[in-house]
Amino acid sequence: MKASIGGYAQAETVAHAIALLGEAGGEGRILAGGQSLVAALNLGTSEGDMLIDIAGIAALRGVKLDGDRLVIGALTRHCDLVRDPLVGEHAPLFAKAAPLVAHDAIRNRGTIGGSLAYADPAAEYPACAIALDAAIILEGPDGTREIPARDFFTGLFETARAEGEILTAITVPKAQDGERHVIREGTRRAGDYALAGLAVVMRDGRHRIGAFGLGDRPLLCQGAMAALDQGDVDGAVTALAQDVDPPSDAQASASYRRHLAGVLLRRIAADLGVAP
Amino acid sequence: MTIRFDDPNRPNSYIGRTVPRPNAGRLVAGRGRYVDDITLPRMVHVAFVRSPHAHARIGAIETGGAEALKGVLRVFTGRDLAEVCTPWEGKLLHLEGMKTPPQHPLALDRACWVGEPVVAVVGRTRADAEAGAALVEIDFGPLPAVTDIRTALDADTPVLHEALGDNLCFRKANEKGEVDRIFAEAHKVVEASFKTARHTGVTLEPRVILVDWNSGDGEMTAHVSNQAPHMLQVLLAGHLDIPESRVRVVCGDVGGSFGLKVHVYPDEVATAAIAKIMERPVKFTSDRMEAFISDIHARDHEATGRVALDETGKILGFDVDDWTGIGPYSIYPRTSAVEGLQVTNLIGGPYAFDHYRCRTSVVFQNKGICAQYRAVGHPVAVAITEGLVDKAAAEMGFDPIEIRRRNLVADDAYPLTTAAGLKLEGLSHHKSLDALVEAMDYAALRAEQKALREKGIHRGIGIASFIELTNPSPFMYGIGGARISAQDGCTVRMDPDGSVVALTGITEQGQGTEAIMAQIVAEAVGVSPQMVRIVTGDTRVTPFGGGTWASRGAGIGGEAALQAGRAVRGQALEVAASLLQAKAGDLDIRDGIIVDADTGEERLALSEVGRIVYFRGDTLPKGLPRELMQTRHFITSNYPYAFTNGVQASYVEVDTETGFVTLLKHWCVEDCGRIINPLLVDEQIRGGIVQGIGAALFEETCYDEEGQLLNGTMADYLVPMSGEMPDMIIRHVETPTEESELGAKGAGEAGTAGAPAAVMNAINDAIRPLGGAVTHMPFTPERILRALGTITD
Ligand SMILES: Cc1cc2nc3c(=O)[nH]c(=O)nc-3n(C[C@H](O)[C@H](O)[C@H](O)COP(=O)(O)OP(=O)(O)OC[C@H]3O[C@@H](n4cnc5c(N)ncnc54)[C@H](O)[C@@H]3O)c2cc1C
């Protein structure tokens with residue numbers, strides 16, 4: 001099928017992109033790495049989009065420290081996350097998640113901002129973001145706002161981003177001494193979206209668990225977190241089954257995904273040295 | 001003079017060597033010419049409106065909106081095309097009782113599967129045509145869909161084609177001996193049920209056709225991504241009422257086919273019909289989404305089977321009931337009964353036993369059409385056979401290798417006719433099994449498996465012996481009345497500079513046809529392969545032939561090339577003998593030079609023979625033949641098929657908590673007769689194994705109960721990818737066929753035939769101690785956990 005678009009423009013600055021979005025009359029679509037958007041256009045899922053290409057905006061690239069937070073620009077690519085020293089030191093969860101995303105060719109183009117904005121419930125980064133207690137930075141005609149990751153993902157491919165806004169960065173608290181990050185997932189082939197996955201952060205003896213592929217959005221698994229904090233792995237696995245609400249499809253049933261999540265949690269608990 | 005294949009130091013010994021593929025450079029340089037690369041003057045594009053329903057009555061069709069769109073040239077309905085194109089029925093005369101209704105290029109009154117083309121929209125560009133297609137309104141009246149195989153013949157299941165009376169397309173039972181008595185009296189009877197998933201071919205290049213109708217000449221030219229140009233020529237001519245001689249089919253580079261491109265597709269015939277009506281070139285390029293709903297599917301089989309054994313583990317007989325759903329029409333012209341038919345022939349194929357019963361029931365459904373795809377029927381029959389043999393071994397306490405040793409047909413028992421009625425010329429099951437055991441270091445692997453099991457690591461070893469049908473004679477299609485050629489031909493021509501051009505009826509789809517033809521012709525004539533250019537895939541130019549399918553290219557087309565090449569060699573020697581005042585029998589051609597056969601002394605360059613023949617024929621004796629161009633055709637005659645054999649092994653690890661399978665290693669020992677190019681044969685085996693692994697672990701075309709396709713993109717239809725593939729060790733045994741001088745059988749399908757069974761047996765070997773078994777492909781993590789009882793709801 002041939003993609004049918006309404007127009008294409010290259011934005012030079014964030015302000016320019018916001019202005020273009022405003023002019024597009026609701027048809028504006030940010031084009032970042034194009035690794036999800038172009039596939040969607042070729043599937044004919046939307047027509048007449050006015051593409052606003054942000055790939056040339058230098059301000060959206062790069063990773064930097066800002067006080068006790070790490071700021072990752074929206075255009076930071078999957079392949080950058082794998083090797084960026086700041087990410088490796090202060091948000092290793094992303095460095096561990098990135099190799100699990102797709103394949104080299106896609107990782108060379110796809111961006112963290114695109115992944116977060118797209119909000120695929122099976123994607124790794126959104127779950128990492130909530131496990132890390134990250135904040136999403138949005139810029140729009142009315143200025144800049146910051147929104148906690150757990151409030152950003154509102155449903156299946158839905159976020160709190162308003163139509164005229166651009167996701168400019170994600171910020172995460174710098175990892176503390178002794179903090180542990182683990183991500184595990186089950187995929188039928190390397191690079192596929194996960195059947196189920198968990199991203200876990202252990203900070204000060206407390207656990208935060210972000211689940212992906214296990215609901216209509218990334219889920220913060222509070223029941224399992226509380227049990228794990230008590231060192232109760234069995235309890236955490238039982239609670240996790242309640243925390244998640246997985247879909248059934250041609251790849252796997254909800255029961256399988258729920259079961260897989262439990263196995264992953266046990267393995268993560270073992271990774272973290274939580275007594276069984 | 002015969003070729004001393006056993007002497008690797010013989011002159012011009014290209015047959016049997018790894019020689020680089022002559023077309024690889026061109027393809028790697030991006031200079032291939034696929035059909036979609038061709039643009040003709042006045043060319044337009046067609047897009048199809050396809051049925052979104054599995055089964056629906058077609059009411060009013062409103063085309064006005066599309067016709068009014070700028071860029072849309074014309075819109076065609078089924079009725080429009082029915083005026084210039086006759087319908088077809090995929091039947092073969094020798095398949096008794098077979099039924100299938102007439103099929104048109106565009107559906108007329110009813111749409112019978114999701115994806116069936118209903119309306120064609122022609123535009124200046126593909127985008128224009130698609131935009132027009134989106135505006136066509138069809139009043140569909142949904143009808144109940146038939147989707148389940150086992151209940152297709154039940155009284156309360158709707159009949160898909162009323163005129164046929166029921167949903168049975170074809171049924172055949174193959175029976176020999178006293179099956180009921182043997183099974184009643186046998187020491188041991190083991191039973192199991194099996195499912196092979198419906199899947200599809202997923203060629204890298206989708207189907208493409210570009211048809212031009214030259215009204216001045218009254219001639220049609222079709223550029224098409226296809227395996228059998230002469231077959232298509234004959235069929236297009238017949239259905240579009242054009243003399244065969246006025247249809248030219250050209251198959252240039254083809255990006256994979258696997259059997260998928262050997263069939264007649266309604267959208268392709270529609271494209272040809274439209275070109276004829278509009279008198280201009282029309283192109284149809286399938287996209288990936290269309291491919292999933294319009295390419296043929298295969299292997300939607302469900303079977304129950306039993307094997308009977310005596311107390312020594314000797315197999316007494318097999319009894320199998322196979323069912324397969326083939327969609328709403330039998331494929332044209334090969335029919336959709338052949339996969340089931342092969343199952344009735346191939347069950348128990350490697351083993352010696354006397355009592356046999358296998359029945360196949362081929363039923364209609366409202367899903368995509370199933371048809372021949374790499375290793376037709378073999379993966380189904382091998383999975384059933386080898387699944388039963390391994391289950392019997394486990395229950396009787398035999399090692400899987402040992403039970404096979406006790407039952408494989410002895411290597412010196414040939415020729416023989418099997419209980420299923422197959423005539424076998426010469427196979428090497430025991431030699432192959434011995435080579436496999438050695439290649440895998442079986443005993444060490446078993447020891448490792450045992451040691452790891454104590455640590456809670458569940459590994460399994462799976463073995464699968466198989467036979468594979470290659471080099472078909474007219475017994476496959478010809479006797480059924482289909483104009484599908486089982487013979488093939490090759491014309492070899494020497495040009496003035498001593499270089500050689502060979503034109504062959506077999507075709508290249510990426511497997512290396514051109515490479516092996518160049519090697520064979522080079523050795524036959526006595527020149528280096530670089531001096532040989534190969535021409536394939538043009539019905540105006542090449543000898544009439546069948547094309548490349550059913551693993552026939554090397555065995556049939558290769559022999560024709562060998563004989564044509566030897567004939568040209570003979571001609572060149574005759575001229576040389578006259579020039580040198582020598583006897584032709586005392587001369588030989590080596591690397592392009594005429595030499596003394598005994599001493600190897602160089603006498604004359606071939607280019608000198610070329611110069612004299614083409615420019616100074618006046619200096620040759622009057623009456624001396626001087627045609628440096630010869631054609632030979634070849635057909636097998638002693639055996640209906642040249643069977644090959646082999647054995648595969650898979651080593652896997654099953655994560656019994658998640659159900660994930662890791663493929664650790666795969667082995668295949670295969671006997672395809674004379675090996676022409678070892679590297680290409682290994683590539684064929686490897687690629688075939690990968691497709692077999694796809695069937696075992698990944699590929700499944702899923703429909704819901706209403707016949708809606710649930711997975712139609714590369715994101716949710718999982719093809720096997722390199723990351724999951726194991727290392728593969730390939731070994732060979734060579735038992736050449738005596739039907740031909742070349743002695744080659746086919747090698748293209750063996751990998752696919754055996755791999756699913758080997759992987760299945762390996763998984764079951766791993767999980768058997770935990771009390772589970774899987775027989776329903778693909779073996780997804782979830783199916784494995786359900787077999788283990790881990791998940792029950
Ligand atoms: C074969 C394949 C496998 C994949 N596997 C995985 C996987 O396993 N896990 C995974 O997480 N992902 C996977 N992906 C998706 C991949 O990670 C994409 O790169 C990512 O989802 C989108 O990033 P992008 O930069 O390419 O965004 P684009 O495709 O350019 O955009 C995606 C969407 O986000 C919007 N958008 C992009 N950037 C912004 C922004 N800064 N502000 C506002 N809106 C924006 C776009 O408008 C669009 O709607 C896979 C993709 C492919 C093709």
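## Terms and model

Helices here are DSSP runs of H or I with at least four residues, strands are runs of E with at least two, and both are numbered from the N terminus. With that in hand, the model can be read element by element. This is a predicted model.

UniProt, in an unreviewed entry, lists "domain: FAD-binding PCMH-type" for residues 1-177 of chain A. This span is 32% helix and 28% strand. Its end C-alpha atoms lie 52 Å apart.

Now chain B. Here the UniProt record, again an unreviewed entry, places "domain: Aldehyde oxidase/xanthine dehydrogenase a/b hammerhead" at residues 29-144. Helix makes up 17% of residues 29-144 of chain B, and strand makes up 30%. From the C-alpha atom at one end of this span to that at the other is 52 Å.

## Around the ligand

Which residues come nearest to the ligand? They are I30(A), G34(A), L37(A), T111(A) and E124(A), out of 30 residues around the ligand. By type, the shell divides into 16 nonpolar, ten polar and four charged residues.

Some atom pairs can be picked out. A backbone N or O atom of L37(A) sits 2.7 Å from an oxygen atom of the ligand. H78(A) uses its side chain: an N or O atom there is 3.0 Å from a ligand oxygen atom. G191(A) brings a polar backbone atom to 3.3 Å from a nitrogen atom of the ligand. How much of the ligand does the protein cover? On its own, the ligand has 960 Å² of accessible area, and the protein covers 90% of that.

The shell can also be sorted by element. In chain A, β2 (28-31), α7 (112-118) and β10 (166-173) are the elements that give two or more residues to it. The largest share, four residues, comes from α7(A).

## Where the chains meet

Chain A and chain B touch. 22 residues of chain A are in contact with 28 residues of chain B. The size of an interface is often given as the accessible area lost when the parts come together. Between chain A and chain B, the buried area is about 2,100 Å². Carbon and sulfur atoms give 59% of that area.

Which residues of chain A lose the most area to chain B? They are R188(A), R189(A) and Y256(A), and together they account for 35% of what the chain A side buries.

## Backbone details in chain B

Look for two cis peptide bonds. One joins Y332(B) and P333(B), with omega about -5 degrees. P333(B) is in the loop between β16 (315-325) and α9 (338-346) of chain B. Another joins M777(B) and P778(B), with omega about -10 degrees. P778(B) is in the loop between α18 (750-767) and α19 (781-787) of chain B.

Then turn to N12(B). This residue is not a glycine, yet its phi is positive, at about 55 degrees. N12(B) lies in the segment before α1 (24-28) of chain B.

Technical notes. Residues numbered from 1 in each chain as written. Chains lettered and ligands numbered in written order. Predicted model: local features only at pLDDT ≥ 70, side-chain atom pairs only at ≥ 80, totals over all residues. Heavy atoms only, no water. Near = heavy atom within 4 Å. Polar contact = N/O pair within 3.5 Å; in protein donor to acceptor, adjacent residues only side chain to side chain. Areas by Shrake-Rupley, 256 points an atom, 1.4 Å probe, with all protein chains shown as cover. Nonpolar A, V, L, I, M, F, W, Y, C, P; charged D, E, K, R; others polar. UniProt positions renumbered as here; feature names shortened; annotations may be inferred. Contact = heavy atoms within 4.5 Å. Buried area = accessible area lost by both parts, 1.4 Å probe.
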